[in-house]
Amino acid sequence: MSKPTTAPKRTLAQKLNREQVAGYIFVLPFIIGFLAFLALPMLMSFAFSFTRYNILESPTFIGFQNYIEMFTNDAKFVKSFGVTLYYALFSVPLRLIMALAVAMLLVKNSKLSGFYRAVYYLPSIIGSSVAVAILWKRMFASDGVVNALLQSIGIPCDIAWLGRQDTAIWTLIILAIWQFGSSMLIFLSGLKQIPVSLYESATVDGANGFQKFFKITLPMLTPTIFFNLINQLINGFMAFTQSYIITQGKPRDSTLFYTVYMYQSSFTYNKLGYGCALAWFMTLFVALLTLILFKTQNKWVYYEA
């Protein structure tokens, strides 16, 4: 009788090929989504930035005219860029300071530490929503909660916070600071990675709390600070809902964020080509700022390796 034939064993190369095909299949949805909803729109917007385009008519190539107009004949561009720069300059450091302070309070485990972390993280989830923006607008109205609280403690106050140029932008900055939850969790993770032995050695040497913070905690946290700084800077320059819903850029464009002006140029004034040029300028500016931070990180970021 002839022996039953057995199926030939797959070679290592065949197994690897099957695994590679399976990997490509799983990655394919992301690749399609990236190409269709990010890469292609970015390329199209870059091409439109060199055209006069109002959506209803075919785009007309005008070269660098949009960029020339942006820098030479658009006061709103300068105003909105300055407002956004001011917003990011104050909101990002203050948010990081608040996040680090709360993270240091929550680093010790307790029965309610999980609850507190969830509560402090909640504003980061809902902070950019339209509902919160509307609520914030009512809070800082002349008859809102903020004035009522100040009056309840004996401070006569009926300020229209959103109607004054010197206070309107700060209501948006305070809202940004309130959304410190995501940075807090990252700081919390970084704090737990610092070896306890460093603090024990510092205690033996007679170091106080301030010395431990500035000589151990802060240097060891610089990689985490760097990561949070990059993320929050990008978020700061991308801020949109706060200005669009709460103030609409008023009063006198003192809260006109760059993204809001870009939206207005594209869809309110029907200058989509010019709006694309505005978008690409901000993209390049943020990329340059990020590159500078990466190039200078060896001056202040400590990596143990």
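Predicted model: local features only at pLDDT ≥ 70, side-chain atom pairs only at ≥ 80, totals over all residues.
Leaving aside neighbours within four places in sequence, which residues is Met70 in contact with?

Residues are numbered from 1 along each chain as its sequence is written, and side-chain values use heavy atoms, with hydrogens and water left out.

Back to Met70, then. With those sequence neighbours set aside, Met70 is in contact (heavy atoms within 4.5 Å) with Phe77, Tyr274, Ala277, Leu278 and Phe281. Met70 also belongs to the largest nonpolar core, which has 60 residues. By such a core I mean a set of buried Ala, Val, Leu, Ile, Met, Phe, Trp, Tyr and Cys residues joined through side-chain atoms within 4.5 Å, and buried means under 20% relative accessible area, with exposed over 50% and partly exposed in between, using a 1.4 Å probe and protein chains only. The residues with the most contacts inside this core are Met70, Phe77, Tyr87, Phe187 and Phe257. Several helices each supply at least two of its residues, among them helix 2 (65–72), helix 8 (181–192) and helix 13 (272–296). Helices here are DSSP runs of H or I, at least four residues, numbered from the N terminus. The largest share, twelve residues, comes from helix 3.

Now a helix pair. Helix 9 (residues 196–204) packs with helix 10 (residues 209–237) at an angle of about 165°, and their axes are 11 Å apart. That makes the two roughly antiparallel, a label for angles over 145 degrees. Axes are lines fitted to C-alpha atoms over the stretch in contact, and angles run from 0 to 180 degrees between N-to-C directions. On one side of the contact are Leu198, Tyr199, Ala202 and Thr203 of helix 9, and they meet Lys212, Ile216, Thr217 and Met220 of helix 10. That contact divides into five nonpolar, two polar and one charged residue; Ala, Val, Leu, Ile, Met, Phe, Trp, Tyr, Cys and Pro count as nonpolar, Asp, Glu, Lys and Arg as charged, and the others, Gly among them, as polar.

Last stop, a loop worth a look on screen. Pro251 is found between helix 11 (241–247) and helix 12, and a cis peptide bond joins Lys250 to Pro251, with omega about -5°. Gln248 lies in that loop too and, although not a glycine, has a positive phi of about 55°. Gln248 is partly exposed, at 36% relative accessible area. Arg252, also placed in the loop between helix 11 and helix 12, has a positive phi near 50° and counts as exposed at 70% relative accessibility.

Definitions and conventions:
Parallel < 35°, antiparallel > 145°, perpendicular 65-115°, else oblique.
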